[in-house]
Amino acid sequence: MHNPQLNAHGELTHLLSIDGLPRDVLVHILDTASSFLEVSDRDVKKVPLLRGKSVFNLFFENSTRTRTTFEIAAKRLSADVINLDVARSSTAKGETLLDTVDNLVSMHADMFVVRHASSGAPYLIADHLRRTGRDDVHVVNAGDGRHAHPTQGLLDMYTIRHFKKDFSGLKVAIVGDILHSRVARSDIQALGALGAAEVRAVGPRTLLPTDIEQMGARVFYDLREGVRDCDVVIMLRLQNERMNGALLPSAKEYFRSYGLTPEVLALARPDAIVMHPGPMNRGVEIDSEVADGPQAVILSQVTFGIAVRMAVMSILAGN
Amino acid sequence: MHNPQLNAHGELTHLLSIDGLPRDVLVHILDTASSFLEVSDRDVKKVPLLRGKSVFNLFFENSTRTRTTFEIAAKRLSADVINLDVARSSTAKGETLLDTVDNLVSMHADMFVVRHASSGAPYLIADHLRRTGRDDVHVVNAGDGRHAHPTQGLLDMYTIRHFKKDFSGLKVAIVGDILHSRVARSDIQALGALGAAEVRAVGPRTLLPTDIEQMGARVFYDLREGVRDCDVVIMLRLQNERMNGALLPSAKEYFRSYGLTPEVLALARPDAIVMHPGPMNRGVEIDSEVADGPQAVILSQVTFGIAVRMAVMSILAGN
Amino acid sequence: MHNPQLNAHGELTHLLSIDGLPRDVLVHILDTASSFLEVSDRDVKKVPLLRGKSVFNLFFENSTRTRTTFEIAAKRLSADVINLDVARSSTAKGETLLDTVDNLVSMHADMFVVRHASSGAPYLIADHLRRTGRDDVHVVNAGDGRHAHPTQGLLDMYTIRHFKKDFSGLKVAIVGDILHSRVARSDIQALGALGAAEVRAVGPRTLLPTDIEQMGARVFYDLREGVRDCDVVIMLRLQNERMNGALLPSAKEYFRSYGLTPEVLALARPDAIVMHPGPMNRGVEIDSEVADGPQAVILSQVTFGIAVRMAVMSILAGN
C-alpha cells in the first residue's frame, strides 16, 4: 500500500503520523534533532536552512502552546512564518478546507503545520497536494482529533533515548486518559517501532480505548501495578472537561487512584524518568513533588521538542 | 484637481483607488509585478527592497485572507510587518483614527495597509499625512467600505493581461452582487483606463447600483445574454448575509438564475477565462465544474495577487 | 536588601520598576536610548544586537499599543519576536504562571516582556528565574496592575531631558487619575531619582492615593494652582470606566475642573511642555487645541518610547 508520508524514493515528504514510518526514518529524525539541539544553545540561535521559505501555521483548533513551538522552530530555521487564525477566516465564510489550501499554495506556501479537530484533516490536505501535483509543498500534523500528534511522539522518543540511551529492554508506562489522547497513540506506535520491551496502558476502564491491546500495549487498571519496575512513566494530561463528567467521579478522586505521587513513583525503577506532554494539572494527574523532583524530565521534553520540530521541518524541506 | 495618490512629480505615493490613476501608472505597476512573479518561484523567495522598513497592517475590519496576502508580500520584500488587531486596540478605547495614525507615524511607520468598513478612511489617512508633511509614509487601501479594493482590481488586470495579452477588443462580464462589491467598482475603472472594448454588469436588479451605466458598464439582467461572446467572465462572491435577506429569494434560487454552470459558460467565447476574487461559494455563484475546470484562472489570480502587492509596496517605497 | 533588578555586579538584569534603580542606571538607559534614536531615522531601521534572540511578549492583559511598541523595538534590534495571546492559552487550561514561564525558558527564551493585571507578577517571574539559576533570561515589566510601568516612566524622563536639558530646578505637575495610574507612580519615582525640584500631584480627592505625599509629591486639588509656574505638565488618561462611576460626576464635569485648556496652560511657564501617555480622550482630560498645540510633545514621547525600549532590551541582553 502507498504510504502517503513518503515519496517515491522512500523519503519523508509529510509528517502525518508515526504509524507506518520505517524505523530508519524515525532514527534519522532523532539524529537530525541532535544536531539542532546545539543551535538553540548558541548565542545567535538561527540557521539559514529555511530562509525565504513560507511556513503557514494552519490552526483550525486553537493551541497557543503548540503553535508557539512550531513558530519558534521555523523562525530559528529563518523561515517566514504566517499564523492563520483559521477560525476567524475564509473557512468561516463558507470556503472549503481544500479551497483554502489551494489558495495558500497559490501564494507559494512551502509548508503547512496543521491542527484540526477532525482526525484525518492533514491526510486530506496531503492527498490533495499529491493529486494536484504539488510534491514541493509539505504537511506537518500538529494534532488531528484523537488520532495523532507525531511531533509530540517524536520528542518523547528523543527524550527517552537521551536519558536511557537504548530502547531495548525498556518498560514504559503510559498513564491516564489514553482514550482521548493523540499523544498516547503516537507514543505506543513509536515505542513499538523503536523496540521497547513493554508498553503499558494504565488508567481507569472508562479512559482506555477498547482496541488498546491490539495496539500492542499491556493493560493495567491499577496504577501501582502499572508503574512497578518501569523505566519510563509518561503521565497524560486529564482534560478539564473530563473531570466532572460521566467518565470520572471527580478530580480529587482521580488523583487518589491515578495521580503520580512520590510513593507510587518509588515502585518504578530507581532511575525511572517521569514525562508529561504539558500543560500539567498539578494535584490532578501529578503531584507537585514529582513534577518538580529529580526524576521529572518534563522541561527537557520541551527543549527537545523545539529541536525535533526543527529537524522535521528541515528534513521535509529537503535539507 | 489634486490627485491624492500622486506626488508633485506624478509618482504614486499612495494607492487608494484605481479611479484617477493614469494609464501609464497602471501599466508600470503591472510591469513591475511581472518581475516579482519570478521572485516567488525562487528557492529563496526574498528580495531586500524593504529591509528595515516597518509595514503596519491596520485592519479595522477583519479579513484574514487579505491581510495574509499583504503580510506575505511585505515579508518577501524583507520588511518588518506588524499586524494591528485594531478592533481590540486603542480606537476601541476612544482614540480617534488620526491619533492612532499619528502614534504609529511617530514610531517611524513607513507604510500603512488599511482595511476599513467606512468608504474613504484610507483617503482620510493619506490626506492627514499630507497635511502633517509626512510624504515619506504611504497608504495602501486594502478595501474601504463599498468603495474600492484597488490591489484586487490590479491583480484582476494582471490576470487578464497575462491570459489575453491585450485589452483592446475584450468583452468582460462582471456577474453578481455588484451593488455591494468594491472589487467590481475597481475592475470597471481599471478596464476603462486600460481600454477594454466592453464591460458588462450582469445581475439581478436589486444587486446592481443605479449609477452603473454612468460608470461605463452595459447592464444585463439575464446571465446568458450577459455572458454571450465574452472573453472574460468575472464572478463575484455572494455574501452570505444577502442570501436570505430582502434582496434575494434564496441561495438556490440565485444559483438557478445567476450561477455560472458549464452550460452558461459555453455561451461565452471558447477561450474565455473565468475569474473570481474568492472565497468562492461553490453551488451559489459558481458551479464546481466551472471552478475546477480548464477555463478557470482563479488560483492564478491568487499567485499574481502576491506579485502585484509586492509591486505596489515596492513602488511606493521608492524602489 | 537585595535589589531584584540588578545582578551581583550592579548591572541591570530585569526592568521591573523605577523604584530602587540607582540614578546612574537610569542615566545609562537614557544615554543608550539617544544612540538608538538615530537608528529609527535610518533608511534601514535595524541593528543586529539581538539577532537570534527570542523575545516573548507575554501579555496576560490585552494592550495592543504597548505590545506594538515592544514588538517594533525588538524587531529593530533583529530579535525573533513571539506574541503569546496568554488569555487564550495554557494558563486558561489551568497551568500556573510559573509552569508557563518554565516551559518558555525551556524553549530558550531570552527575554519576557510581561503585562499583567496583578501587581508583582513580573517580580514573581524574575524571582523564579533567579531561584532556578536562569540569570541569562530577562524580564521587562510592561505594566503590572496599578503598580509600575517603568518603560513609560523612562520615556517620560527621556522626553523631559530632551526638551529641558536638566532636571534640577524643574517643577512638574502630574494631573488626573493618579490613584489608578501606574505611569504616575513610575514618573514620581524617576523624577525624584533624577532630582526634579518639585513634583505636584493634581486631581480630585477621589483620584489621589492617600500615600501620595509620602511618595514625595505636593498635592493640589485645584488644577490652576497645580499647573501654575510649572515647566512640565503630564496629563493622565481618564479611564472610561471611571467617568460615570461613583468616583466622578461625569466626563463633562471632569473636563470643566481638570481638563487642560489653553487658558489653564497659560498659567504654566511660557516654555512649559505638555505630555500625555496616550491614548488621549480629547475633550475629557485635554482640549484638542492643547493636544495639537506647539507646547504638546506627546508624539515625541512615542518616538522616544521606541528608542528607550530598544535601549532597555539591548542593555538587558548585555550589549
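Q: A residue is buried if 20 or more other C-beta atoms, placed from the backbone, lie within 10 Å of its own, exposed if 12 or fewer, and partly exposed in between; is Val274(B) buried or exposed?

A: Val274(B) has 23 other C-beta atoms within 10 Å, so this residue is buried. The model is a predicted one, in which local features need pLDDT of at least 70 and side-chain atom pairs count only at pLDDT 80 or more, while totals for chains, interfaces and linings use all residues. Residues are numbered from 1 along each chain as its sequence is written, and chains are lettered from A and ligands numbered from 1 in the order in which they are written.

Q: Where does Val274(B) lie, and what is in contact with Val274(B) beyond its neighbours within four places in sequence?

A: Val274(B) belongs to strand E9 (residues 273–275) of chain B, strands being DSSP runs of E of at least two residues and helices runs of H or I of at least four, numbered from the N terminus. Contact requires C-beta atoms, placed from the backbone, within 7 Å, and the residues in contact with Val274(B) include Val233(B), Met235(B), Leu260(B) and Val290(B). Leu260(B) is 14 residues from Val274(B) in sequence, with 9.4 Å between their C-alpha atoms.

Q: Which residues have the most contacts inside the largest nonpolar core?

A: They are Val233(A), Val233(B) and Val233(C), in a core of 321 residues, that is, a set of buried Ala, Val, Leu, Ile, Met, Phe, Trp, Tyr and Cys residues joined through C-beta atoms within 7 Å. Beyond four places in sequence, the contacts of Val233(B) include Ala173(B), Val175(B), Leu265(B) and Val274(B).

Q: Why is helix H3 (residues 97–106) of chain C called largely enclosed by the rest of the structure?

A: Of its 10 residues, 7 are buried, so H3(C) is largely enclosed by the rest of the structure. Asp99(C), Asp102(C) and Leu104(C) are among the buried residues, which pack against helix H12 (298–316) of chain A together with strand E1 (54–59) and helix H4 (121–131) of chain C. After H3(C) comes His108(C), with a positive phi near 70°.

Q: What makes strands E7 (218–220) and E9 (273–275) of chain C the edges of their sheet?

A: The open sheet has 5 strands in the order E7-E6-E5-E8-E9 (chain C), paired in parallel. E7(C) and E9(C) each have a single partner strand, so one side of each is left without a neighbour in the sheet. Pairing requires at least two DSSP bridges between two strands, and E6(C) (residues 198–202) is joined to E7(C) by 3 bridges, with Arg218(C) in E7(C) as the bridge partner of Arg200(C).

Q: Which helix gives the most to the side of chain B that touches chain A?

A: The contact is between 22 residues of chain B and 19 residues of chain A. On the chain B side, helix H2 (64–76) and helix H12 (298–316) of chain B give two or more residues, and H2(B) gives the most, with 7 residues.

Definitions and conventions. Contact = placed C-beta atoms within 7 Å.
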